[in-house]
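Reader: Hi! Could you walk me through this one? I'd like to start with the ligand site.

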Amino acid sequence: MRDDSSPDQSGPRINTSVHHSARVWNYLLGGKDNYEVDRVAGDRLAAAFPGMVALTRNSRAFIGRVVRHLTEEEGIRQFLDIGTGLPTVDNTHEVAQGIAPESRVVYVDNDPLVLVHATALLTSTPQGACDYVHADARDPERILQEAARTLDFSRPVGLMLMGILGLVEDDDEARSIVARLTDALAPGSFLGLNDGTTTDPAYVSALSTYNKRPGAIPYTPRDPEQIARYFDGLDLLEPGVVTVSQWRLGALPFGLPDEVACYGGLARKTG
Ligand SMILES: C[S@@+](CC[C@H](N)C(=O)[O-])C[C@H]1O[C@@H](n2cnc3c(N)ncnc32)[C@H](O)[C@@H]1O
């Protein structure tokens, strides 16, 4: 592993001259695993769209609720978390193994810095297991093959695609990724997914500026209907595909929190 200043030509390269989504996301979540270029991009995004920090944090909280629901209520003990991001609060294995220590989790990302920090994602309980696969989501077959070292695909798996399909510009390709992954899952498996949406014009406009920065991998927000279509063929749990800030919060004394421009849901594969 090397950064731009390293003479070593081996291993994935950490490019500190352009921002990376994993590092900008980490910065917006309040993390420290980012570079100046990421902080500048994150600050510009948040200045253009002040709801950005709330969006990232509500999205992260949604992931925790999904994993908790799957572990506590659905008996899921295996997770495949693709587009994991840098280690942060409530990583999937921490939530799952906190409830069921025997849970097995495979993380997948294609960012070199996530690979560097992957050891923080591999702090499994002795009863369970964690693995990290450095791979591109556009290659589901390779991901499934490598994840099979740790997960038993003849049994249910909780597949997590959180904030990653927006980084696949072409919606047909994004849908194909979801279909190829869910096809490989056993009945009783689940898909948990969220992504940024076009529901707030200020967010769409801020992203369009962000996407024009040199080297940016564009993030494409989608309509809630497009997000819902990723779940085609699966049985969506209540309340369906909604803003992540309002998904399954339980009883609230003061009503639902504000909507954020990120929608998500959780669905069961039955057949
Ligand atoms: C917006 S972050 C979301 C992180 C985490 N899932 C969360 O919601 O907190 C998107 C993550 O997807 C990863 N990613 C982007 N494109 C990818 C690809 N083609 N294959 C694998 N990972 C990818 C990025 O490196 C980054 O860590």
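**Around the ligand**

Author: Happy to! Helix α1 gives the most to the shell around the ligand, with three residues. Helices here are DSSP runs of H or I with at least four residues, and strands are E runs of at least two, numbered from the N terminus. This is a predicted model, where local features need pLDDT of at least 70, side-chain atom pairs count only at pLDDT 80 or more, and totals for chains, interfaces and linings use all residues. Residues are numbered from 1 along each chain as its sequence is written, and side-chain values use heavy atoms, with hydrogens and water left out.

Reader: Thanks! How many residues surround the ligand, and which are the closest?

Author: There are 19, and the closest are Trp25, Arg60, Gly83, Asp109 and Ala137.

Reader: Which polar backbone atom is 2.6 Å from a ligand nitrogen?

Author: That one belongs to Gly83. A backbone N or O atom of Met162 also lies 2.8 Å from a nitrogen atom of the ligand, and for a side-chain N or O atom of Arg138 the distance to a ligand nitrogen is 3.5 Å.

Reader: Nice. How much of the ligand's accessible area does the protein cover?

Author: The protein covers 96% of the 600 Å² that the ligand has on its own, using the Shrake-Rupley method with a 1.4 Å probe.

Reader: Switching topic: how many aromatic pairs are there?

Author: The structure holds two. One of them joins Phe49 and Tyr203, 5.2 Å centre to centre with 45° between the planes, so it counts as tilted. The rule asks for ring centres within 6.5 Å; planes under 30 degrees apart are stacked, over 60 edge-to-face, and the rest tilted.

Reader: What does that pair tie together?

Author: Phe49 is in the loop between α2 (36–48) and α3, while Tyr203 is in helix α8 (residues 201–211), so the pair ties together parts 154 residues apart in sequence.

Reader: Last one: which peptide bond is cis?

Author: The bond from Glu238 to Pro239, with omega near 5°. Pro239 lies in the loop between β8 (235–236) and β9 (242–243).

Notes. A residue is near a molecule or strand if one of its heavy atoms lies within 4 Å of it. A polar contact is a pair of N or O atoms within 3.5 Å; within protein, one must be able to donate a hydrogen and the other to accept it, and residues adjacent in sequence count only if both atoms are side-chain atoms. Rings of Phe, Tyr and Trp (its six-membered ring) pair if their centres lie within 6.5 Å; planes under 30 degrees apart count as stacked, over 60 as edge-to-face and the rest as tilted.
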